[in-house]
Structures are given as structure tokens and as C-alpha cells.
Amino acid sequence: MTPKQQHAFDKSAFKASMTQHLTQLGRTPETAEMRDWYLALGRALAEHTTSDLVATENDLAIKQAKSVNYLSLEFLIGRLTGNNLISMGLYDEIAAVVSEFGFGLTDLLEQERDPSLGNGGLGRLAACFMDSLAAQQYPAVGYGLHYEYGLFRQSFKDGAQQEAPDAWREPEGYPWEVVRPDLAQTVGFYGHVAVIEENGHTRREWVPSLHIQAMPWDLPIVGYQSNTVYPLRLWEGRALTPFALDAFNDGDYTRAQQAAIDAGNLTKVLYPNDNHDAGKTLRLMQQYFHSAASVGDILRRHLDAGHPLAALPDYETIQLNDTHPTIAIPELMRVLLDEHHLSWDDAWSISSQTFAYTNHTLLPEALETWSESLMANLLPRHMEIIFEINHRFLQDVAAKWPGDVRKQQVLSVIDDQGERMVRMANLCVIGSYAVNGVAALHSELVKRDLFPEFDALYPGRIQNVTNGITPRRWLKFCNPDLSALISEKIGDQWPAHLEQLEQIAQYADDKAFQKAFMAVKKRNKQRLADWVKTHLDITLNTDAIFDVQIKRLHEYKRQHLNLLHVISLYHRLIHEPNFDMTPRVVFFAAKAAPGYALAKSIIFAINKVAETINNDPRVGDKLKVVFIPDYRVSMAEIIIPAADVSEQISMAGKEASGTGNMKMALNGALTIGTMDGANVEIREEVGDDNIYIFGLDVEGVNALREKGYHPDHEYHQQPLLKASLDSLLDDTFTPGHPGLLRPVFDSVMASGDPYLCLADFADYVRAHNQIDSDYRDSTLWAHKAILNTALVGKFSSDRSIRDYVTNIWQLKAVKR
Ligand code: RUG
């Protein structure tokens, strides 16, 4: 498993270091528990990564090169220890050390709580991109927030989702992070704009009434097989004067600590939304806090390296991951105008050549807008700057389309139909030199449907960069047996050159390779089955098809379509004496945003259906349904290598890309999917015979809507669908309590089935029937599975990063 090591490894020194860290935890090797050993290991390793991080930071060649600054409110990094061991080339050495202390390395790695600093695909993409930047040594800094609580911990109570805070660092702190007080920034809020007369000129300057300290915590992003370590810099809110001694002495203990409480609240939680606009004042404060601290740090680095301000775009580019960090644009303008006294034209020229923006969604409810009055109150100077940006921009629009008021309305940063709102996506497009969608189809729809006027105004600005995933975590680390098998055939360079996997296509019909490949799959299925037995007490048949849908719960992702298929199989098993099916285990894992009632109803329905089916002796092991609680990166690392079938069944046009689809295909699962997001490109790569495409495509969806869609027609015309839906109304799945699952029924019947589940149901069943029969032919299935692994090299995030580097950022690698 171990690649070339970057550091000469001194085993006895490392053992001594671990023991020393145990002492600091108040333990000895005799009294230490597994968790202490994990912490000691992490801290001992972090000594190396921190020194490499500082060395990389001080590298003159990097200071003289152009860097990307990846601004994201989410980084779903997953556990770092195992991944860093792989990158450092120390996995086998450390396994030996740990075993001498009497432990297995994998058990120790299990002690790490995932830093769940993201919701889903958007945050995980940011983590994969940081990995690929470091692996290819393109200078980079990731900027995020140091949330005290990650995304909530999910459990189920009688089938219903429960949420609890996820204190991922408690109580000893996270071993990989290092606080950098010397790099702290101060961020202002509220206040007023002062007009200052100076040498016959007037200038405007913000006088905030609240200041909060932004304390940076660095996590090491370790380059694969290199000593390049970039920081993932996470800002924590702290009070500038955390303790008011006078108030304390007066006996007012609350007031004494109020400033610390208020500042701490800023980075207390990650907003649990994915494809929803959060719309909370605190969220806007988080966004500004993140942007201001990051812009401040970028400018500090730039000026410290001796570069002139005007050269900022030559040395720094700032990638906005979604609209969440948009306020960085007026913030940079404010600093350039008010603190460095540049002219508007000079400041705008710098700023608009520095920012680039990635759009991740077409869903209107996810395109952020902020109330103008809220913004004017919280950030009065920024609001003025936004007005000025918009004023100048609308002059350009008027010049391009004289007299066209509608164009001005749709393109304006301010939406004045009703309460005046600031449209963050419009601000991003206007203030960026490049805008990209995240899959070919999505980028086309961004141009055609979301921003057609911007595309006409700024031809070429909107581009595509198809998402990717890091092969280090999503194959090498999570699937060691498959990695070893691949390396046996094609050598061990593929984790850094994923296109090399194509060479295993030649073994797709090789009997011995097929056998070995499917044996690995079987072992991975057993590992997952063992986990399910231990944690959920459900016994699984590993000869069954492992059919997997793991992603945030959202109607557009259509977990309820999958559920309808499950119910239809159950119905047939019970009511059709001659019905036979290949045994199947259907896995779900998903968190629902706590305020998203229907998503929670769908989770409840899946759990109730699972309970009934799993306990019905008439079903036996033909069908099982497993909802794995608390979906997170480390859980995905167990599920993905075990998947036979990957469910990517969003309504066409709604899933921007998807990245779970790439991870499962890479691990030899076959996709059942719509022509949506990156499924389209996966199909291009693996070929029509090795993917199960079903349902309406984007044109089909639009045509159906135009014609008029009536879900009740489908309901009455398709008896199996009707029977499946009806069982949501009676007490089939909620004995003695009919109607508990009605919200799911109503979502497709009474609410008009906005995501066309019923329209796609019949074709979805057809595709699943094909899977059922293909799986019985084990040679055929092995052939298809191998080709999936072999042919998805395109989806390495290394390739995505190279696309950004070449087409957008214009960076050069700095090899250390
Ligand atoms: O829903 C999208 C996914 O399709 C995509 O793969 C991922 C990364 O690009 O981003 C997801 N996303 C979009 N998460 N939040 C949003 C909208 O804010």
C-alpha cells in the first residue's frame, strides 16, 4: 500500500514521539486507551506535516508563483489520519509501529471522528480539489470556517431523524490542526460610513461598531508522495476582549463573558443546508467573516512577498465555491478603495481579474439572495459599493441593449420586485473573470437557461469544468484490495495518473482477473455486511445485489422513486406467486436538513418500509432495506467499495454534476441513472452497455411540462405503481397507524409530483429488471464492472484541477 516515502522514517524516534504525546495526554503506554493512542499517533504525525506546511509557506519559489485561493464555506475533508499516511508514504511503517504497541492500525484509525465541516457534494468537492492541488503542486490555500459543531449527528428514533450537535474536536482538540495567532485578522460589522474631507477630496470610510477576531486554524493538505503541504485555513470567531473584568467584579458574570459568547456564536454551527438558501442574519455574518478574513490574509501574503497591489491578479486568483463567499468581491473593492486609496477603475480592474466563480446549481431556491436592508445594516459600506458596481454595470447593459428594460431587470444585482434583494449570483458573474458550471450538461444549462443574457454580454466567460474525485481517498485508501489488484496488473503509478486505469480494460474478459475482481467486491460487501450486523443487527446475504443510494435527502434526487421501486418489489414478492428476483439489498444513507419536512418524511417512510420488509418471513433474504444512519465520509469509504449498483436518479436537469456517481463507478459499481449531471459523461466514457440509463432527459422533461403533466394518469394507468403508492396510505408499513406515510403519497399525487417520479417510474422498473437479469450472468456482470473501473479515469479531480489551471487560473506547478 505504501508509495515512495518522502521522509526517512526513524522508527524508534517515532515511537518515542508517540510515547511523549501520550505523556502530554496524562497517560502511559500501560494506562492509555485506544483513543489516546490515536491522538498520540495523530499528534506525532502532525509534527511532520506542520513543519512541511511552514516550509512550503516560506518557499520563495511559491511566493514568486501564482496561487489559487479556494474560498468555500464548506470543506468536507473526512478523516485525515489514514489519508495523510498514504500521502506521506508511511502507511506500512506506521502499521508496524502501531502493531508493536499492540494495536491494529485500522482499529486506531476508526477512533477519529470525521471533521464534518460540510453538507454534501459541494464541500466534498472542495476537499478533493485541495488534495489534487497538493498532489500536483499547484500553489494553493484553502479558506474556510472553523465550525465548532460540524453538520449534525443523525440518529433515528422510531424511524424519525434526530439531530444532535457534532462536537468533532471534543474534548482534546483535533490532532491535525495548528492555531496561528500571528496570522489573526480583525473583522468589522455594522456601524456607519464616515465621509472624510482630505486635501480637498472627500472619501468614504466604514466605521464598524462591532469587531470580531478571526483566529486561523491550519489543517495540513499533504501532497501525495511529495513534501508539499498546503494549508486549509479555517477561521474561528473570537472576541477581541473576551473577558470584562470590571463586569465580573460587579457580579455581572454574564456581561463579563458576553463578547466571547457573541464572537463564539459566529462559528458555532455549519448551516445544515444543501441546495437551499439559509436566509439567516448569522449566516450572512459568517459569510462576511469568512470573506473578510480570507481577503485580508491573501493581501497580507501578497504584500509580504513584496508584490505591488496592482499585480494582485498576476499572483493570486480567488475561486468562489458557489455564491457563499460572494461578499469577498465588495470586500476587496472596499480595501482597495478605502484603505489603499485606489481609484474605482484601478480597484475594479484588479478585483475583476482576481475572482472566478463556480456555480453548482440551477435550483432557484439555492440561488442566494440577501435582503438589501439587512445588508445595508450589517455592511453599510459594502452595500454602497454593490450599488456602484450595479450602476456601472447597468450602463453597460443599456449600451448593449438600448431601451431594453426587461434585460436591465433580470441582470441587475438588485431584485426590486417586492422586498429589495441582492442577487449574489449576478454579483458573482459581473465581478468574476470566469464562471464555470460543474459538468458539461450543467454548464450548457447555465448558459442556456440560467444566465443567457450574461452569456450574450460576456461571451466565453461561462465555461465548463467537470467535477472530479481524488483517487487517493476514493480508491487507493478506501479499497486497498482493489488497489493492490490493479497495481499488480498496471503498476502503482495510477493514483497520480488515473487515466492509466484504461489499461485494465484489456482484462475485462480475462477469467482469472474477473474472478479476482469479483472476489474483492465480495470481501468489500462482507465488510459492509459485518458493519450492518454489528451496528444495526440486520443479517445480509452478500450474494445479493448491493444497490446503493447515498447522498443528501432532496426531492430532486428522488429517494422516493427508489422507495417506490422497493415497495413494488415487495408487493410482487407477496402477491405474485411466480415472481422471482435476484436477491437484493437496497442501501440508503442521507441526512435531511432539519427544517425540510418532506425530506424528513421520506426518511421516516424508508425506515418504516425497511422495518416491515426486513421482518416479513415471506420475503426471506430476497429483499432487504438498510438505512445507514449518520452518513459521513468515513461511512462512504465502507459503502462505496461494496456497491454493485449506484443510484443516480435525479430528475434530468436538476443534479448539477454529482460526484458519488464517479466514486461508485471507479469502485466497479454500475450506474442506474438519468441523463443528468455527470451521468451523461460517465455514459460517454463507459459506453451504453455498461450503464443503465432510464427516464426522461432534459428535453423530455420540458416537453412533458409543456404538454401538461398529470401524475394521476400514471397512477391509474400503472397497476403496480398504484398498488405501491396505495400502500403508503394504508397501514402496510405502519401497523395500526394508517396514514403516517401520507406526506410522501401527497408529494407525488396532491402536490403534482414536481420531480416527475411517476412519469419515470415504468422506465426505472424496466432498467432495474435488466439489472436483475444481467447480475445473474456473473461473467457479464464482472465484465461490465471491470470496464466501469477501467474507463472512468477522466473523473480524477487531478484532471478537474488541470482544467481549472489551464483554462481559468493560469498557474504553474512548483515542485518542491
Ligand atoms: O448538488 C450539487 C451536486 O450536483 C454537485 O456535484 C456538487 C459539487 O459541484 O454540488 C452540489 N451542491 C450544489 N451543493 N450545494 C449546491 C448549491 O448551493
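Trainee: How many of the residues of α7 are buried?
Mentor: In α7, 16 of the 16 residues are buried, so the helix is largely enclosed by the rest of the structure. A residue is called buried if 20 or more other C-beta atoms lie within 10 Å of its own, exposed if 12 or fewer do, and partly exposed in between, with the C-beta atoms placed from the backbone. Helices here are DSSP runs of H or I with at least four residues, strands are runs of E with at least two, and they are numbered from the N terminus. Please keep in mind that this is a predicted model, in which local features need pLDDT of at least 70 and side-chain atom pairs count only at pLDDT 80 or more, while totals for chains, interfaces and linings use all residues. Residues are numbered from 1 along each chain as its sequence is written.

Trainee: And how far does α7 reach from its first C-alpha to its last?
Mentor: Its 16 residues reach 22 Å, which is close to the 22 Å expected at 1.5 Å a residue; the expected span is 1.5 Å times one less than the number of residues.

Trainee: What about α34, how far apart are its end C-alpha atoms?
Mentor: Helix α34 covers residues 797-809, and although it has 13 residues, its end C-alpha atoms are only 15 Å apart, short of the 18 Å that a straight helix would reach at 1.5 Å a residue. The residue that follows α34 is Q810, and its phi is positive, near 60°.

Trainee: Which residues of α34 are buried?
Mentor: The buried ones in α34 are S797, D798, S800, I801, Y804 and I808. Seen down the axis of α34, they fall within an arc of 160°, so they line one face of the helix; the arc is that of the directions from the helix axis to the C-beta atoms.

Trainee: What covers those buried residues of α34?
Mentor: The cover includes α7 (121-136), β12 (355-358), β16 (434-437) and β17 (462-464).

Trainee: Changing topic, what domains does the assignment give?
Mentor: It gives domain 1 (65-79 + 114-467 + 802-809) and domain 2 (474-488 + 508-795), with bounds that come from an automatic or database domain assignment. The C-alpha centres of domain 1 and domain 2 lie 35 Å apart.

Trainee: How many residues of each are in contact?
Mentor: On the domain 1 side there are 38 residues in contact with 28 residues of domain 2, where contact means that the C-beta atoms of two residues, placed from the backbone, lie within 7 Å. On the side of domain 1 that touches domain 2, at least two residues each come from α7, β3 (150-157), β4 (160-166) and α18 (440-450), and β3 supplies the largest share, six residues.

Trainee: What classes of residue does that side of domain 1 have?
Mentor: It has 14 nonpolar, 18 polar and six charged residues. Ala, Val, Leu, Ile, Met, Phe, Trp, Tyr, Cys and Pro count as nonpolar, Asp, Glu, Lys and Arg as charged, and the others, Gly among them, as polar.

Trainee: Which residues come nearest to the ligand?
Mentor: There are 18 residues around the ligand, and G121, L122, H360, A656 and S657 come nearest; a residue is near a molecule or strand if its C-beta atom, placed from the backbone, lies within 6 Å of it. This shell divides into five nonpolar, 10 polar and three charged residues, and it draws at least three residues from each of domain 1 and domain 2.

Trainee: Now the loops: where is Y190?
Mentor: Y190 is in the loop between β6 (185-189) and β7 (192-198). Its phi is near 60°, a positive value in a residue other than glycine, and it counts as partly exposed because it has 15 C-beta neighbours inside 10 Å.

Trainee: And N199, buried or exposed?
Mentor: N199 counts as exposed, with 5 C-beta neighbours inside 10 Å. N199 sits in the loop between β7 and β8 (201-207), and its phi is near 50°, again positive in a residue other than glycine.

Trainee: Last one, what does V195 touch?
Mentor: Not counting residues up to four places away in sequence, V195 touches T202 and R204. V195 lies in strand β7 and counts as exposed, with 9 C-beta neighbours inside 10 Å.
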